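Subject: The structure, and what turned up in it

Hi,

Here is the structure I promised to pass on.

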Amino acid sequence: MRFPGVQSFRKLNRNVQLGLSFTFFETASASIRSGEILSAYIYLITKSNSFVGYVQGVNGILQLASAVPAGWVADAWRRDYVLRGAACIGAAAAITLAASLIFRWPIWTLFVAMSLLGLYRGFNNPSLEAIWADSVAAGRSKLYTVKYVTQMMASGTGPVLSIIMFQSLGDEWKVGACRLVVLVGLSMFTVPLFILCSFKDEHTLGQESQPIRQGTPSPEQQEEEDKDVDRQAPGCCAMISPSVAVATAITASDLFGALASGMTIKFFPLFFMQECLLQPVFVSAISAVNPISISTFAVMADRIGRRLGRVQTALITRALDVVLLVAMAYVPVGHPMSWQTAALVCIHILRSSCANCARPLVRSVLMDHVPPRHRGKVNALESVRTFSWSGSAALGGYLVEVYGFQHTFLLTAVLKAAGWFPLLPALFYVTDGVCTCGSTRAGKHTRQAKLSSQQQQPDRLHAAEQGRSEAIEGIQQPLLQNGHHHSIHQQDGDSHVRNAAGVQHQDSESPRS
């Protein structure tokens, strides 16, 4: 898979350019300001894993409370205006969090700052994803993969910067060092806030971003293009609207997955810190390698998805995620330089790659089946998923305190397995799924055959014209030859008739010669 260079990037839609730029700088900043270093900072000042979960839970609640109305506003109003409002909320959140860290304000100020960050994400995510989808032509898995790989690579810049800073400040878990690292991440937050104010609804594609319809490209063309298909039995894929079925399947599956992931995702760094006794540089190194591995797996998943199917690929990678998480729960914990610790680190990186690599494929399937007028609301459901992810962090913190890390991993694996099954029905509604009835496949083949016929039509016309030219030359040649053998001056009408008959006779005989 080729990623856009400088020249290719300039040819992209303006909103797509801004979306990729925002993704990079926002993710780079968030990987520092809200990553494992902030979790470590909260743990160091409170000495409680539960407080880490509570802070993330408040963030998720506010994101949920704001995302649903923000999604409706984005569909009813201008999405670029909503993004500018989100930028203002993000600026207020950055100022509050920076003041809390610099002046060492009480812990409740962290709750306020994280609440504002939740509002910021709740307002910008539905409109940002909707305006991105409106600016990308249908059949969008490649650009979604590029965007996702950009996000993953940017998420590694924060840990790399953390490694450099911890090497300078001393490779120890100290409150002052963590505070300084988070402040550096906040200083980077200004760039994505300015980018948010640059999106414009006028730069969207309009008709080119319309969703892919099952079997036919539009209702007006269905009667003409798929008459034979419509005479068949309706089959399984005609029971429910594809837009409703695909959105429901993906949202339900993501909801279970988010509930599961939220219980552990914020606690993996704390697991390596507390149980494996790894130093800050080593923990940051794991976080830096993770995005590289996820990006590699995402490119591989995109290629596999083109051959095997996007939903099929997502089901396989999510099943591997469950298996590896169970394995991680049963590997014993050893000292930092033991084989057990090395095995846990490798399993964690591989599991994280499998869990996240198919995300752009699933996202592209969802946007390919949702009309533009509903994309803001559907992307608001993404914030419900994120709320589940953040809200379950509070439960995860409690479970870690009471039952330990590895028992929490097992419960997470059970919930992830439950989230695997709701995605199965999507196989029967996507064009690269497994359903062969109705218009899902036949309509696709009908359009492909008509397109092939249209592409071949100029060649057929050219061949026919060439054939007519050759036939004319074949008739003219005998006529010219006859002119040398017959007299030019004819005496009466009988000789004209005889000459015409002679020409007719020669023409009628020439095909058999």
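Below is what was found, going from the whole chain to single pairs of side chains.

First, some ground rules. This is a predicted model, in which local features need pLDDT of at least 70 and side-chain atom pairs count only at pLDDT 80 or more, while totals for chains, interfaces and linings use all residues. Residues are numbered from 1 along each chain as its sequence is written, and side-chain values use heavy atoms, with hydrogens and water left out.

**The whole chain**

The protein has 22 helices and 0 strands. These are DSSP runs numbered from the N terminus (helices are H or I, at least four residues; strands are E, at least two). Of its 513 residues, 50% count as buried, where buried means under 20% relative accessible area, exposed over 50%, and partly exposed in between (1.4 Å probe, protein chains only). The protein exposes about 24100 Å², and carbon and sulfur atoms supply 63% of that area; the areas come from the Shrake-Rupley method with a 1.4 Å probe, and for residues only the protein chains shown count as cover. Among contacts with a separation of 6 or more, 85% are between residues 24 or more positions apart (contact means heavy atoms within 4.5 Å).

Glycine 118 is found in helix α6 and counts as buried at 0% relative accessibility. Apart from neighbours within four places in sequence, glycine 118 touches Asn59, Leu62, Gln63 and Ser66.

The side chains of lysine 147 and glutamate 129 meet in a salt bridge, 3.1 Å from N to O. The term covers a side-chain nitrogen of Lys or Arg within 4 Å of a carboxyl oxygen of Asp or Glu. Lysine 147 is in helix α7 and glutamate 129 in helix α6, 18 residues apart. Lysine 147 is buried at 11% relative accessibility, and glutamate 129 is buried at 9%.

There are also 12 aromatic pairs; rings of Phe, Tyr and Trp (its six-membered ring) pair if their centres lie within 6.5 Å, with planes under 30 degrees apart called stacked, over 60 edge-to-face and the rest tilted. Tryptophan 132 and tyrosine 144 have ring centres 6.1 Å apart and planes at 80°, so the pair is edge-to-face. This pair joins helix α6 (residues 108-134) to helix α7 (residues 141-155), and both residues are buried.

**Aspartate 254 and its two arginines**

The structure holds 13 salt bridges, and aspartate 254 takes part in a bridge with arginine 318, where the closest N and O atoms are 3.2 Å apart. Arginine 318 lies in helix α16 and aspartate 254 in helix α13 (residues 242-262), 64 residues apart. Arginine 359 also meets aspartate 254 in a salt bridge, at 2.6 Å from N to O. Arginine 359 lies in helix α18 (residues 359-368), so that pair ties together parts 105 residues apart in sequence. Aspartate 254 is buried at 8% relative accessibility, arginine 318 at 17% and arginine 359 at 16%.

**A nonpolar patch**

Met300, Ile304, Leu308, Ile316 and Leu320 make a nonpolar surface patch of about 430 Å². Patches are made of residues with over 30% relative accessible area and no salt bridge, joining like charges within 9 Å and nonpolar side chains (Val, Leu, Ile, Met, Phe, Trp, Tyr) within 5 Å. Helix α15 gives the largest share, 3 residues. Leucine 308 lies in α15 and is partly exposed, with a relative accessible area of 40%.

Best wishes
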